[in-house]
Every structure is written in C-alpha cells, then in structure tokens.
Amino acid sequence: MLKRSLVVVALIVAGFAAGIALHTAFTQGQTVFAGKPPSNLGVREGELAPPRRTPNNVSSQAPKEDAEHYIAPLGFRGNGAEALAALRKVIDAMERTRIVRHEGDYLYAEFRSRLMGYVDDVEFVVSEKENVIHVRSASRRGRRDYGVNRARVEAVRRRFEAAQGQAVKV
C-alpha cells in the first residue's frame, strides 16, 4: 500500500513538472510566474528605485549599513558609455536574459529562472563622476530569493571585470 502511494505521488509530481516545462516552452518563457514589470523602473534624478523591505532585492544605492540590500556598484575606468556597452555584451551573453531598454547611461534587463520562469528586473545606471555603474536587482514576485539577485550581480561583476581586463576598486 505504501509503495503504491509513493508511486502515485511520484507520478503526480512528474506530471506537474512536465506541465510546467511544456507551459514554459509553449509560452516562450511568459509563464504565470513572470508577473508584470513594476512601475518604478528607471532613473529619477540619478537614482534607481530604493530597495523594497523584502529580502529579494539588492541595490548599490542602498545605505551601506543595510547589509541585506546593499551591494557594491561595478567600477570602471575610462568612458562610461563604453563601459555600459561592454556590460551590455556581458548580459547579452548570459542565459535567459533579455535587454529591455538601453538608453544613454541606463540599461534595463530581465533575467528569467530556468524552470518556473520567474523574472527578476535588473537595472544599471552609469555615474561618470564616481566611475561606477550602479545596479539594482529585484524579484518581481515572492518575498525570498535565497540570494539569487546578489549572486547574479556578483556573476555579472566577475564577467564585466574579465571583459574590462581587471577589477576596479570602488
């Protein structure tokens, strides 16, 4: 009896996973888990939106004392436009990403999770006077991300530094 129950549960779980995979494939990633882009995206007076209170987002413009949300900006040498163009190439090369907007000193991309199609909104803005690119990465849905946004920004940082040929201390 226990063996039969375990088989039934395993079949239900397998069916659920297959259904999600098919849904994701046929909707080209536009799953019910994707959500809609928030209305607070973009740059206002040189600032990206502040981080939300939930732990599923990070920002280089958060106060440094806010260890849960603060993450260091990306440093660069030279021209900000060239640095942002190099950053765009880095993001274009990453899996499950889509550049939504790249205007002037601002870049906005969507990153999608593999299985469920959750979307994280990631924004970058160049600060020429600081020689940094500020970043904000936030999950659209849920409360926790188990460090995914922070890990993604750090992965972008490593690839960007490799593309620049060196790390730039900020």
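Predicted model: local features only at pLDDT ≥ 70, side-chain atom pairs only at ≥ 80, totals over all residues.
Residues are numbered from 1 along each chain as its sequence is written, and side-chain values use heavy atoms, with hydrogens and water left out. Local features need pLDDT of at least 70 and side-chain atom pairs count only at pLDDT 80 or more, while totals for chains, interfaces and linings use all residues.

View 1. Helix 3 covers residues 148–164; helices (H or I, at least four residues) and strands (E, at least two) are DSSP runs, numbered from the N terminus. Its end C-alpha atoms sit 24 Å apart, which agrees with the 24 Å its 17 residues should span at 1.5 Å a residue (the expected span being 1.5 Å times one less than the number of residues). N149, R152, V153, A155, V156, R157 and F160 are its buried residues, where buried means under 20% relative accessible area, exposed over 50% and partly exposed in between (1.4 Å probe, protein chains only). Their cover includes helix 2 (80–92), strand 5 (119–127) and strand 6 (132–139).

View 2. Leaving out residues up to four places away in sequence, F160 touches L74, G75, F76, A83, A86, L87, V90 and I133 (contact means heavy atoms within 4.5 Å).

**View 3. The largest pocket.** Its volume is about 390 Å³. Of the 19 lining residues, R112, S113, D120, V148 and R152 are the closest to the centre. (On a 1 Å grid over the protein atoms alone, a pocket is an open set of points where a 1.4 Å probe fits, with protein on both sides within 12 Å along at least five of seven lines; lining residues have an atom within 4 Å of a point.) Helix 3 gives the most to the lining, three residues. By type, the lining splits into six nonpolar, three polar and ten charged residues.

**View 4. P50 in its loop.** P50 lies in the loop between helix 1 (2–26) and strand 1. P50 is exposed, at 63% relative accessible area. Q61 is eleven residues from P50 along the chain, and their C-alpha atoms are 7.2 Å apart.

Technical notes. Points joined across faces, edges and corners; volume = space filled by probe spheres on them. Nonpolar A, V, L, I, M, F, W, Y, C, P; charged D, E, K, R; others polar.
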